[in-house]
Amino acid sequence: MNTQPSARVHSYEERGTFVVVVSGEFDVEEQELLLAAWGEAERRNLPVTAVDLSGVTFGDSSFLNGLSQGWLRHRDSGRKLVMAGPLHPRLERLLDLTGVLEHFDTVASLADALTDSPEEPAG
């Protein structure tokens, strides 16, 4: 019986920001979930993507690669990628030890990321 939380990625647009909510445990089998989210972010072409990692309980090197791919894709297209927590202690340690954390703009919560996001034009 597998009791691991299944990995999930859900995305939507809010306040002019593309939001990617990531939860569960991630290894090489789930890497495509993140890559698909980055592809959708490119199609939406919003200036900011907020990735909510508060629900991630485990990530391996393929998860780190997926995050790094997202960061590179956003940087190369002139868009901003913001990492929102709070981070699970295990994930925060992994991101810190590998140096991945230093490449991201980070905020304490998704609400904080949306507060700092550009507003949609009044219409």
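**Sheet, helices and an aromatic pair in a predicted model**

In strand β5, D105 stands opposite V82. The structure is a predicted model, in which local features require pLDDT of at least 70 and side-chain atom pairs count only at pLDDT 80 or more, whereas totals for chains, interfaces and linings use all residues. Residues are numbered from 1 along each chain as its sequence is written, and side-chain values use heavy atoms, with hydrogens and water left out.

Strand β4 (residues 80–84) pairs with β5 in the parallel sense over three bridges, where pairing requires that DSSP finds at least two bridges between two strands, and where helices (H or I, at least four residues) and strands (E, at least two) are DSSP runs numbered from the N terminus. These strands belong to an open sheet of five, ordered β1-β2-β3-β4-β5 with mixed pairing. Because β1 (8–14) and β5 (105–107) stand at the edges with a single partner strand each, one side of each is left without a neighbour in the sheet. From one strand to the next, the twist averages 25 degrees.

Helix α1 (residues 31–44) lies across β1, β2, β3 (48–59) and β4, and runs at about 180 degrees to β2; axes are lines fitted to C-alpha atoms, for helices over the stretch in contact (heavy atoms within 4.5 Å), and angles run from 0 to 180 degrees between N-to-C directions. Helix α3 (residues 89–97) also packs on the sheet, where α3 touches β2, β3 and β4 and its direction makes about 115 degrees with that of β3.

A search of the whole structure finds one aromatic pair, formed by F26 and F63, which is tilted, with 5.1 Å centre to centre and 40 degrees between the planes. Rings of Phe, Tyr and Trp (its six-membered ring) pair if their centres lie within 6.5 Å, and planes under 30 degrees apart count as stacked, over 60 as edge-to-face and the rest as tilted. The pair links distant parts of the chain, with F26 in strand β2 (residues 17–26) and F63 in helix α2 (residues 61–76), 37 residues apart. Both F26 and F63 are buried, that is, under 20% relative accessible area, with exposed over 50% and partly exposed in between (1.4 Å probe, protein chains only).
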